[in-house]
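Hi,

Here is the structure I said I would pass on.

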Amino acid sequence: MDKKMKAAYYDVFGGTENIKVGQLPLPEVKEGEVLVRVKAAGVNPVDAVVMAGYLEGMLPVEFPAIPGWDVAGVVEDRGFSARRFNVGDEVYAYARRPTVQGGTFAEYIVLPESYLAQKPKNLSFAEAAGIPLVGLTAYQSMFDKGQLQAGQNVLILGASGGIGTLGIQLAKEKGATVIGVASQKNHAFMLKLGADHVVDYNGQDVGEAVKNLFPDGVDLIFDAASGDTLQQSLKALKTGGTLVSILHQGQGLPQNINFHYVFVEPNARQLEELRELAEAGKLTVHVSETYSLDHAAKALDQIASHHTKGKIVVVP
C-alpha cells in the first residue's frame, strides 16, 4: 500500500490562492538518500518567487510542487549506502534540488545524505530551520565571492531580514566592521546582533550617509535588498571594492565594480561550520512567527511582503 503524507503544494504557477493542503505519496528512499521527518521548514522570499513561475527558466518545476528549501528534522529511514547519519539523528539542510518538486512544507522529505548536517544542539528545530538558506547565502556571498577579511568593512543592504541578520553575525565573527541598512524600527535589533553602525534607508541618501561614516568608502557591499538602496549605495564603495548581490544580475552597473551575483548552493560542510558557530553561541536566529501546514499560504503571503523581521517557519 502506498504511504501518504500531509503536504502543502501547488499544481499551477501563480499566487498563494493556488496552495492546497492534503495528502501526497510519501517519496521513495533511493540509494544514498535519507527520509527526514520534517520538524520545521524555514520560509524564504524565493519560495513565493518560484511559485509565481519567475525562475522557471533557471529551475524546472514538476507538479505537484511542494514549496520550501529549508528543513530541520529527524532521520527516519536510510537508503542503501546512506550511512553518515543514524535513524533518530537530528539534522538540518538546504534542500534545493535541480528540479523543484519535493520541498520542505510537508511531513517528510527525501534528500541525498550529502545535503545533511547535524542540527545545532542548542537551537530549537524552528531556529535551526531558519539557518540553511540564509546562512549559506550570507556565507557564500561574503566569504566565497566577497572575500571578506578581518579588518575590512561591509555594508549590508536589507540587514534586518533573514539573510541580513545572519550576514551581520557572520561578518562580525570574521572580524569585519558591519554597517547595516534597514528601517529605523529595526535599528536596535541590528545593533543587538552586532552591527557597528546602522543606516535608515528612509528620508536620506544611503550612500551619502555611509560616506559620512567612512569617507574612504567600504570594501564590500552585500546586497539583499536591491532597488534604490543599492543604486544610492554604489557611491560608498571603495575604488576596486566588491559588490555581491543575491537579487541584481549586474545589468547597468559601473564597469569598475568587482561584481558577483550569488544563487546559493547546498553545502553540508558550510552548514557544519554554521552549526559550530551556533553551538558556540555566536549565531542566533530570530524566529518571529511559526505557521502550521494548514496556514502555509499565509506564511508565503507574509514572506512576499518583504517586511519580515528575522525568520518565519512552517511547522508540520
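How much space lies in the largest pocket? About 1,100 Å³. Before going further, please keep in mind that this is a predicted model.

**The largest pocket**

The lining of this pocket is made up of 43 residues, and the ones closest to its centre are P45, A224, I246, L247 and H306. If you want to find it by element, look at α1 (45–51), α3 (132–145), α4 and β15 (311–315), which each give two or more residues to the lining. By class, that lining has 25 nonpolar, 15 polar and three charged residues.

**The second largest pocket**

This one holds about 510 Å³ of space. It has 21 lining residues, with P27, R97, Q101, G102 and V110 nearest its centre. Both β2 (20–25) and β6 supply at least two residues of the lining, and β6 gives the most, with four. The classes here come out as 12 nonpolar, four polar and five charged.

**Closed spaces**

There are also three cavities of 30 Å³ or more in the structure.

Around it you will find Y10, D47, V50, I66, P67, G68, W69 and V100. Six residues of that lining are nonpolar, one is polar and one is charged.

Some residues turn up in more than one place.

**Salt bridges**

The structure has 12 salt bridges.

- R97 and E33: their side chains meet at 3.6 Å, N to O. R97 sits in the loop between β5 (90–94) and β6 (108–112), and E33 is in strand β3 (residues 33–43), so the bridge ties together parts that are 64 residues apart in sequence. R97 is partly exposed, at 26% relative accessible area, while E33 counts as buried at 12%.
- E265 and R96: the closest N and O atoms are 3.8 Å apart. This pair links distant parts of the chain, with E265 in the loop between β13 (258–261) and α8 (268–279) and R96 in the loop between β5 and β6, 169 residues apart. E265 is partly exposed, with a relative accessible area of 46%; R96, at 10%, counts as buried.
- D196 and K172: this bridge has an N to O distance of 2.9 Å. D196 is in the loop between α5 (187–193) and β10 (197–199) and K172 is in helix α4 (residues 162–174), so parts 24 residues apart in sequence are tied together. Both ends are partly exposed, D196 at 33% relative accessible area and K172 at 30%.
- E272, R275 and E279: these are linked in a network of salt bridges.

**The chain as a whole**

The protein chain has nine helices and 15 strands. Its radius of gyration is 20 Å, close to the 20 Å that the globule rule gives for 316 residues, so the chain is as compact as a globular protein of that length. The C-alpha trace spans about 70 × 40 × 35 Å along its principal axes.

Of the 316 residues, 55% count as buried. Among contacts between residues at least 6 apart in sequence, 66% join residues at least 24 apart.

Cheers

Key: Residues numbered from 1 in each chain as written. Predicted model: local features only at pLDDT ≥ 70, side-chain atom pairs only at ≥ 80, totals over all residues. Heavy atoms only, no water. 1 Å grid on protein atoms, 1.4 Å probe; cavity = no way out; pocket = protein on both sides within 12 Å on 5 of 7 lines; lining within 4 Å. Points joined across faces, edges and corners; volume = space filled by probe spheres on them. Nonpolar A, V, L, I, M, F, W, Y, C, P; charged D, E, K, R; others polar. Salt bridge = Lys/Arg side-chain N within 4 Å of Asp/Glu carboxyl O. Buried < 20%, exposed > 50% of the residue type's maximum accessible area, 1.4 Å probe, protein only. Rg over C-alpha atoms; globule rule 2.2 N^0.38 Å. Contact = heavy atoms within 4.5 Å.
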